Amino acid sequence: GVYGITVAAELSGAPTQSLRLWERHGLLAPARTDGGTRRYSTDDLARIERIVILVAAGVNIAGIGRILDLQDANHALRLRIEANDS
């Protein structure tokens with residue numbers, strides 16, 4: 001599914017202003033329509049969920065960015081290892 005910012009905020013429990021802030025800081029990169037409207041995918045919603053958990057744990061924006069990068073790199077590495085084991 002693809003969702004506008006209001007629906008993404010409702011589904012994630014994060015305020016729309018937080019979604020905009022996180023995008024400004026590079027934590028999110030939703031797709032955009034030709035008119036510039038943000039469109040959040042299910043992958044974006046999963047990433048928002050990860051961000052919300054880190055915010056609740058008291059992690060600042062810079063820390064959240066680093067943690068997400070490390071988690072993503074770890075996931076990619078696991079996928080490569082699994083592909084090589086097959």
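The model is predicted, so to speak only of what counts: local features need pLDDT of at least 70, side-chain atom pairs count only at pLDDT 80 or more, and totals for chains, interfaces and linings use all residues. Residues are numbered from 1 along each chain as its sequence is written, and side-chain values use heavy atoms, with hydrogens and water left out.

Start with Arg38, which sits in strand β3, residues 38-41. Strands here are DSSP runs of E, at least two residues, and helices are runs of H or I, at least four, numbered from the N terminus. Arg38 is buried, at a relative accessible area of 18%; buried means under 20%, with a 1.4 Å probe and protein chains only. Its side chain makes a polar contact of 2.4 Å with that of Glu23. A polar contact is a pair of N or O atoms within 3.5 Å, where one must be able to donate a hydrogen and the other to accept it; residues adjacent in sequence count only if both atoms are side-chain atoms.

Now the sheet. Three strands form an open sheet in the order β1-β3-β2, with antiparallel pairing; strands pair if DSSP finds at least two bridges between them. The edge strands are β1 (2-3) and β2 (31-32), each pairing on one side only. Ala31 has Arg39 in β3 as its bridge partner.

Technical notes
Buried < 20%, exposed > 50% of the residue type's maximum accessible area, 1.4 Å probe, protein only.
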